[in-house]
Amino acid sequence: MKHLFVLFCALFLVAFASQNAQAQCNAELYTNLALRQLAPGYTFVKSYRIDGKDGQRKKIEYTCVFSKDTNYMLRMAGKDGGARGLVATLYDAKRAQLTSSYYNNKFYDGWTYKCNATGIYYLSFTFQDSQSYCGAAVLGFRR
């Protein structure tokens, strides 16, 4: 009877652990996919992990410093396929929206933005009609 109890506990532990493993977001895989979409001439700056923790996190925000007269390109990839379900929005220091990857009910793989003033910017990732809440983005620049 004791062996049966130990076997039951072991099976329960394996089942619980595998369920948690499926819920994890492998953002590095999507970072590599997004990196391939960065246009030639852009220098990679940083990658961003977009992990919505299975829908528990609706918004993920990062701060970044942009320089005047520099072009920035953001590209995303997600578990839902391409950038579907992911929205990247750029805000200035006063929280005014500058650009977004979601426009006219359509998801785009990212955006390009020419910076007009050096300063702090907010890069916000949200989910819209997402099934996976998982992805990554890369940021590049060109002068």
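A salt bridge here is a side-chain nitrogen of Lys or Arg within 4 Å of a carboxyl oxygen of Asp or Glu. The structure is a predicted model, so local features need pLDDT of at least 70 and side-chain atom pairs count only at pLDDT 80 or more, while totals for chains, interfaces and linings use all residues. Residues are numbered from 1 along each chain as its sequence is written, and side-chain values use heavy atoms, with hydrogens and water left out.

By the salt-bridge rule, the count comes to four. One of them ties E61 to R95, with the closest N and O atoms 2.9 Å apart. This pair links distant parts of the chain, since E61 sits in strand β2 and R95 in the loop between β4 (86–91) and β5 (97–100), 34 residues apart. Strands, like helices, are DSSP runs numbered from the N terminus (E, at least two residues, for strands; H or I, at least four, for helices). R95 is partly exposed, with a relative accessible area of 41%; on this scale buried means under 20%, exposed over 50%, and partly exposed in between, using a 1.4 Å probe and protein chains only.

E61 has another salt-bridge partner in K59, where the closest N and O atoms are 3.8 Å apart. E61 itself comes out as partly exposed at 32% relative accessibility, and K59 is partly exposed too, at 46%.

Then there is the pair formed by K53 and D51, with a closest N to O separation of 3.8 Å. D51 is buried, its relative accessible area being 9%, whereas K53 counts as partly exposed at 41%. Salt bridges with shared partners join R49, D51 and K53 into one network.

K53 also turns up in the backbone geometry. It is not a glycine, yet it has a positive phi of about 50°, and it lies in the loop between β1 (43–51) and β2 (59–66). D69 is another non-glycine residue with a positive phi, in this case about 60°. D69 is found in the loop between β2 and β3 (71–78) and is partly exposed, with a relative accessible area of 48%.

Now for the sheet. Four strands make up an open sheet in the order β1-β10-β3-β8, with antiparallel pairing; two strands pair if DSSP finds at least two bridges between them. β1 and β8 (110–114) stand at the edges with a single partner strand each, so one side of each is left without a neighbour in the sheet. From one strand to the next, the twist averages 15°. Within the sheet, β3 and strand β10 (residues 134–142) pair in the antiparallel sense over eight bridges, and G78 has G135 in β10 as its bridge partner.

Helix α2 (residues 27–36) lies across β1, β3 and β10, and runs at about 40° to β10. Axes are lines fitted to C-alpha atoms, for helices over the stretch in contact, and angles run from 0 to 180 degrees between N-to-C directions. Contact means heavy atoms within 4.5 Å.

On to the packing. A nonpolar core is a set of buried Ala, Val, Leu, Ile, Met, Phe, Trp, Tyr and Cys residues joined through side-chain atoms within 4.5 Å. The largest one has 22 residues, and F66, L74, M76 and F125 touch the most other members. Each of β1, β2, β3, β4, β8, β9 (119–127) and β10 supplies at least two residues of this core, with β9 giving the most, at four residues. Leaving aside residues up to four places away in sequence, F66 touches Y72, L90, Y113, C115, A117, T118, G119, Y121 and L139. A second, separate core has eleven residues, including Y30, A34, L38 and A136.

G81 is partly exposed, with a relative accessible area of 32%. G81 and S132 are 51 residues apart in sequence and, C-alpha to C-alpha, 9.9 Å apart in space.
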